[in-house]
Amino acid sequence: MKISYEPITVHLSMPFVIAHGASTVRHNVLVRVADGEHEGWGEAAPVRQHHETQVSVLEYLAAAARTWPAHADPFRLEELLAALPPGSQAGRAALDIALHDLVARKLGVPLCRFLGLSPEAAPPTSFTISIGPLDEVRRNAACAPFPILKLKLGADIDHCIASVRAAREATGARLAVDANCAWTEEQAVRAVPALADLGVEFVEQPVAEENVEGLRRVHAASPVPIFADEPVRTARDVARLANCVDGVNIKLMKSGGLREALRMVAVARAHGLKVMLGCMIETSLGITAAAQIASLFDYADIDGNVTVTNDPFLGVTLDYGRLILPDGPGLGVRTR
Ligand code: MG
């Protein structure tokens, strides 16, 4: 087996604005794992809040490639992934995705079939509406062809409530919100009931990542489900936060790939939690990898490729938020 990788600059058609910051371009990494006549593909989408960059992912992959066993059996996924060095969850995710693509291609089956899943059972994906002026939120909500919208919210609670009201007036879609750690506990306790009154279905990560007690108190007082995102990276975090939330947002770039994401779903279910499948800004390669396991989730929020203007790949497609997987082997992803 041989690892190769290359940087990719991902451009967006509209600014992506959340409480952590704004961006119109992202710096990801594409990975290939070749074995014999077959090749598997993966993607890393590093983000600042995880202290990862394109450069750190490239360094991680260079280190991983140096110790990668050239003659290993690619079907020994657990052993191969356990032997990877620590240091980059996004880099690890790219290798995990590429190995899954590789082995399913070798078998000639779609990855979801290899995993024993039923792709038509997946929930529809939501579409993310960035923080912005009210007329922009209204316009974006009105024209989004999705049955559920996730509004990003910031620290100004009055603007948060006005944004949700604007979206509510503009569309009949289901609404959810994500504060991305922006609120104090006091702000959250004030905002959440007002947002629930506007029909918001759930609230994601209301308080700071490290404020576990605050999360627990907001959850206890909330009339709608509270989901944790930023503090939830691996299965251990799911168990740690199980009494503080109603659900967890699982992303391949946090978990380090599909295998740990599947373990996180199992741990969450064992604790009676709901599960959401999230993503970063990714091409159709990373998004199609996530879509392969979407049927295990209550909510899907894997719209990270929708506003990418230079996506080199064709993979999962959407029909009013419904995820339609390609039927080719592995991820089923091909280049344009
Ligand atoms: Mg989130």
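Tyrosine 320 lies in the loop between strand 13 (317-319) and strand 14 (322-324), where helices (H or I, at least four residues) and strands (E, at least two) are DSSP runs numbered from the N terminus. The phi angle of tyrosine 320 is near 50°, which is a positive value in a residue other than glycine. This is a predicted model, in which local features need pLDDT of at least 70 and side-chain atom pairs count only at pLDDT 80 or more, while totals for chains, interfaces and linings use all residues. Residues are numbered from 1 along each chain as its sequence is written, and side-chain values use heavy atoms, with hydrogens and water left out.

Histidine 51 also has a positive phi, of about 60°, although histidine 51 is not a glycine.

| Residue | Phi | Loop between |
|---|---|---|
| Histidine 51 | about 60° | strand 3 (38-44) and helix 1 (54-67) |

Is histidine 51 buried or exposed? Histidine 51 counts as exposed because its relative accessibility is 71%; buried means under 20% relative accessible area, exposed over 50%, and partly exposed in between, with a 1.4 Å probe and protein chains only.

The secondary structure of the protein comes to 12 helices and 15 strands. Eight of the strands form an open sheet with parallel pairing, in the order 4-5-6-7-8-9-10-11, and its edge strands, strand 4 (127-129) and strand 11 (299-300), each pair on one side only. Two strands are said to pair if DSSP finds at least two bridges between them. Within this sheet, strand 5 (residues 148-152) and strand 6 (residues 174-178) pair in the parallel sense over five bridges, and leucine 149 has leucine 175 in strand 6 as its bridge partner. In general, strands of a sheet pair through backbone hydrogen bonds, either parallel or antiparallel.

Turning to the whole protein, the C-alpha trace spans about 60 × 40 × 35 Å along its principal axes. Buried residues make up 57% of the 336 residues. Of the contacts with a separation of 6 or more, 68% come from residues 24 or more positions apart, where contact means heavy atoms within 4.5 Å.
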